[in-house]
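Here are some notes to read alongside the model.

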Amino acid sequence: MDRECNAVPDGRGAGEAACTPETGADLKNQRGAKRMILLQLSSAQGPDECCLAVSKALEALRKEAAQADVALSVIEEEPGPRAGTLRSALVSLEGENAQPLAQRWCGTLQWICESPYRPRHARKNWFIGAAVFTPVGDMPQSDIRFDALRASGPGGQHVNKTDSAIRATHVASGISVKVQSERSQHANKRLATLLIAHKLEEQRDAQSAGQKAQRRWFHHQIARGNPTRCFTGKGFTPVK
């Protein structure tokens, strides 16, 4: 089970442990902890307009992360049915302000806008969701085998200059990920460790009787009432 992460970060993203969804209260208790966390934006099986909202939300999150001096890396993107749309996006956040930023986004997000795809369509409220996955424990480095690789693909002048890319393999399960989104080998090891832990958590949930993987569960749990944040218009302007 080999998985490759080639995303170019908007900062210093890194990772280190397994993840579970948490409430806003949990995030408040961890505020100030400088740890890598994962945040997922999801259209929750919504129509094309919701997929467009995910794409717009990701861009808004990028801007807020930069303003808060939080490193953001896009780990995964699931394309939507139309150009420029996303069904979901998984990002990593790191920095002193990462937890407050994640708390601000976690929950139901509402976009108030006329459909750009269906003229005169009556519906103007589109809902997507954001869920936070934070480490539940440290994974022993002895559980993972790291192999240094030379970075490849797009990345400008920094690619192919050093053997900073990492292939990490969880010895017991065989889960493997390749990470080259960071410029240092140490940062790539941290991110690879977090991704393996996240995959292990998904695997455990999937194997539990009567239980779905956390992220798949999240896709179907978007509540339309009491949104955490509200955005309006084609410019996706925050109003709440």
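1. Let me begin with Phe-236, which sits in the loop between β11 (229–232) and β12 (237–238). Strands here, like helices, are DSSP runs numbered from the N terminus (helices are H or I with at least four residues, strands are E with at least two). Phe-236 has a positive phi of about 55°, although it is not a glycine. With a relative accessible area of 6%, Phe-236 is buried. The cut-offs for that word are as follows: buried is under 20% relative accessible area, exposed is over 50%, and partly exposed is in between (1.4 Å probe, protein chains only).

2. A word on the ground rules. This is a predicted model, in which local features need pLDDT of at least 70 and side-chain atom pairs count only at pLDDT 80 or more, while totals for chains, interfaces and linings use all residues. Residues are numbered from 1 along each chain as its sequence is written, and side-chain values use heavy atoms, with hydrogens and water left out.

3. Now please look at Arg-120, in the loop between β6 (107–112) and β7 (125–138). Arg-120 is not a glycine, yet its phi is positive, at about 65°. Is Arg-120 buried or exposed? Its relative accessibility is 82%, so Arg-120 counts as exposed.

4. The hairpin of β9 and β10 is worth a visit. Five residues lie between the two strands, and Gly-174 in the turn has a positive phi of about 85°. Strand β9 (residues 165–170) pairs with β10 in the antiparallel sense over four bridges; pairing requires that DSSP finds at least two bridges between the strands. Within this pairing, Ala-168 has Val-177 of β10 as its bridge partner.

5. Stay with β10 (residues 176–179) for its side chains. In a regular strand, side chains alternate between the two faces of the sheet. Here Ser-176 and Lys-178 point one way, Val-177 and Val-179 point the other way, and all are buried.

6. How many salt bridges does the structure hold? There are eight salt bridges, each defined as a side-chain nitrogen of Lys or Arg within 4 Å of a carboxyl oxygen of Asp or Glu. One of them joins the side chains of Arg-104 and Glu-64 at 3.7 Å, N to O. That pair links distant parts of the chain, 40 residues apart: Arg-104 is in helix α3 (residues 98–105) and Glu-64 in helix α2 (residues 48–67). Arg-104 is partly exposed at 43% relative accessible area, whereas Glu-64 counts as buried at 15%.

7. Glu-64 also meets Arg-229 in a salt bridge, at 2.9 Å from N to O. Because Glu-64 lies in helix α2 and Arg-229 in strand β11, the pair ties together parts that are 165 residues apart in sequence. Arg-229 is buried, with a relative accessible area of 1%.

8. Another salt bridge is formed by Arg-145 and Asp-147, whose closest N and O atoms are 3.6 Å apart. Both ends are partly exposed: Arg-145 has a relative accessible area of 44%, and Asp-147 has 31%. Elsewhere, salt bridges that share partners join Glu-64, Arg-104 and Arg-229 into one network.

9. Finally, the cysteines. A search of the whole structure finds zero disulfides, a disulfide being a pair of cysteine sulfur atoms within 2.5 Å.
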